[in-house]
Amino acid sequence: MTVDGDLLDADLRAGVRDVSPLLLGIAPFALVAGIAAVDAGLGLAEAVGMSVIVFAGASQLAALDLLGSGAPLAVVVGTAVVINVRMVMYSASIAPHFADYGRRLRAGLAYVLTDQAYALSLAEFESNPERSRWRYYLGAAASLWVVWQIGTVAGVVVGASVPDAWGLTFAVPLVFLALLVPAMKDRPTTAAGVAGGAIAVVAAGLPMNLGLLAGAVSGIAVGLATEVFVE
Amino acid sequence: MTDAPVLGGSLGVWLAIVLIGLATYGFRLSFIHLFGRIDEVPPRIKRPLRYVPPAVLAALVLPKLLTIRPSVVATVADERLIAGAVAGVIAWRTENVMATIAGGMVTLWLFRVVVFA
């Protein structure tokens with residue numbers, strides 16, 4: 001397995017190979033991001049610009065939803081920031097594995113850090129220490145990036161040509177639902193989800209579309225409180 | 001398509017994209033860049049982060065499935081809520097994004113066809 005001459009490429013390819021089943025899950029998500037962009041009134045350049053510059057699905061869909069309903073800039077950015085702050089946790093967790101690399105390479109590797117690339121790479125680093133870490137990670141992360149961009153473009157095309165009556169934008173909450181269910185894995189995380197959803201429904205009428213932010217923040221607070229209570 | 005966003009609207013969109021992108025890249029780079037100076041995430045930061053995904057995702061999903069109306073019947077008899085419930089069960093049993101979307105969309109379309117037929 002570790003034939004020296006072939007090792008470098010083999011690591012990259014292993015990352016691509018291991019991520020391929022996940023690409024099937026990402027593709028519809030990316031498609032939905034493109035559809036949602038059209039629905040929010042964005043053009044192709046803005047939709048692709050968002051997918052390239054932000055490259056974080058859940059925050060993109062939330063931001064598009066808010067942009068489409070005319071929320072103030074601060075609310076759009078604030079909501080997306082709350083959603084993406086989890087990246088700090090991934091960054092901290094994967095940082096020791098990248099510590100020996102130069103600043104430039106680390107800066108590049110950070111750009112393609114996603115939930116999937118993080119989870120896959122960390123599992124591989126632990127079970128297979130002789131892997132070239134950055135090559136394996138890059139194989140997985142870059143594949144996700146490519147599928148995300150292609151999916152966004154395809155979604156813009158689909159969103160612009162399919163009539164509204166099909167209700168395609170309903171796919172957005174369905175994607176989130178598919179991510180939410182496995183995220184509620186124990187009592188505190190379930191409490192966080194239930195509270196976050198309930199508050200967001202009750203607060204849906206709040207001015208400036210603050211309902212999402214209100215739900216998210218209360219959900220986090222209830223999760224923490226439940227953790228203390230359970231212990 | 002409907003009206004393209006006017007210049008001001010488009011500028012606002014780009015500003016949002018760039019600000020979100022900068023913040024997100026900052027989060028991604030944070031410890032990858034700082035490593036060596038900080039070894040561990042302080043537990044005070046780590047603990048709340050665990051609840052970000054379920055809280056945020058639920059806050060994104062539920063208002064799209066459920067709108068509070070004057071009566072309980074009007075609130076519950078909603079095609080989106082029923083389609084969402086079907087999709088939720090599929091998500092729980094299969095953990096498959098594609099199957100969840102398909103199940104929810106088909107249920108929604110079935111309801112529309114039945115209601116409007």
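How many residues of domain 1 of chain A are in contact with domain 2 of chain A? Nine are, and they meet six residues of domain 2; contact here has C-beta atoms, placed from the backbone, within 7 Å. Keep in mind that this is a predicted model, where local features need pLDDT of at least 70, side-chain atom pairs count only at pLDDT 80 or more, and totals for chains, interfaces and linings use all residues. Residues are numbered from 1 along each chain as its sequence is written, while chains are lettered from A and ligands numbered from 1 in the order in which they are written.

**Chain A overall**
- Chain A has 11 helices and zero strands; helices are DSSP runs of H or I with at least four residues, strands are E runs of at least two, and numbering starts at the N terminus.
- Its radius of gyration is 19 Å, close to the 17 Å from the globule rule for 231 residues, so chain A is as compact as a globular protein of that length. (The radius is taken over C-alpha atoms, and the rule is 2.2 Å times the number of residues to the power 0.38.)
- The C-alpha trace of chain A spans about 60 × 50 × 30 Å along its principal axes.
- Of the 231 residues in chain A, 52% are buried, with 20 or more other C-beta atoms within 10 Å of their own, those atoms being placed from the backbone.
- Take the contacts in chain A between residues at least 6 apart in sequence: 73% of them join residues at least 24 apart.

**Two domains in chain A**
- The assignment gives domain 1 (4-163) and domain 2 (184-231), with bounds from an automatic or database domain assignment.
- Taken over C-alpha atoms, the domain centres are 25 Å apart.
- On the domain 1 side of chain A that touches domain 2, α3 (57-68) and α4 (73-84) each supply at least two residues.
- α4(A) gives the most to that side, with four residues.

**Where chains A and B meet**
- This contact takes 78 residues from chain A and 64 residues from chain B.
- On the chain B side, α1(B) brings the largest share, 21 residues.

**A look at Glu46(A)**
- Glu46(A) lies in helix α2 (residues 44-53) of chain A and is buried, with 21 other C-beta atoms within 10 Å.
- Leaving out residues up to four places away in sequence, Glu46(A) touches Ala37(A), plus Ser10(B), Val13(B) and Trp14(B).

Key: A residue is buried if 20 or more other C-beta atoms lie within 10 Å of its own, exposed if 12 or fewer, and partly exposed in between; C-beta atoms are placed from the backbone. Two residues are in contact if their C-beta atoms, placed from the backbone, lie within 7 Å.
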